[in-house]
Amino acid sequence: MNQERLYKVLLGPHMTEKAAVLADEKNQYVFKVASDATKPEIKKAVEQLFDVKVEAVSVTNAKAKTRRTLHGLGRRKGFRKAYVSLAEGQAIDFADAE
């Protein structure tokens with residue numbers, strides 16, 4: 001995988017309460033990823049960017065939500081997220097990653 005693609009696969013961490021609980025209890029981290037990213041690409045990108053050993057990758061598609069606005073109905077944009085499981089003893093500190 002070339003360096004350009006590496007930075008386009010991972011769009012950023014997805015920080016929610018559920019993601020924080022998964023990071024503490026199950027050593028899983030959640031990332032927003034590109035819509036055309038595959039599991040092997042996500043695994044390589046996380047391993048190269050954060051210097052950790054990835055055990056498994058699960059990918060889900062978050063559907064676009066419909067919201068009521070002043071001018072009628074609108075839609076939020078949908079996105080794709082990856083749940084990345086790390087090996088025992090591995091961790092990602094997002095403060096040091098920059």
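Predicted model: local features only at pLDDT ≥ 70, side-chain atom pairs only at ≥ 80, totals over all residues.
Which residue in S6 is the bridge partner of glutamine 28?

**View 1. Strand S2 and its pairing with strand S6.** The bridge partner of glutamine 28 is serine 85, which lies in S6. Strand S2 covers residues 28–33, and strand S6 covers residues 79–86. Six bridges join these two strands, and they run antiparallel.

**View 2. Strand S2 and its pairing with strand S1.** S2 also pairs with S1, the strand of residues 10–13, through three bridges. Here, too, the strands run antiparallel. To find your place in this view, look for leucine 10: its bridge partner in S2 is valine 33.

**View 3. How S2 sits in the structure.** Of the six residues in S2, five are buried, so the strand is largely enclosed by the rest of the structure.

View 4. Helix H2 spans residues 17–25, and its buried residues are Ala19, Leu22 and Ala23. Viewed down the helix axis, the buried residues fall within an arc of 100 degrees, so they line one face of H2. What covers these buried residues includes S2 and S6. On the face turned away from the buried side you will find the exposed residues Glu17, Lys18, Asp24 and Glu25.

View 5. Take a look at asparagine 27, which follows H2. The phi of asparagine 27 is positive, near 60 degrees.

Conventions
Residues numbered from 1 in each chain as written. Heavy atoms only, no water. Buried < 20%, exposed > 50% of the residue type's maximum accessible area, 1.4 Å probe, protein only. Helix = DSSP H or I, 4+ residues; strand = E, 2+ residues; numbered from the N terminus. Pairing = 2+ DSSP bridges. Arc of directions from axis to C-beta. Contact = heavy atoms within 4.5 Å.
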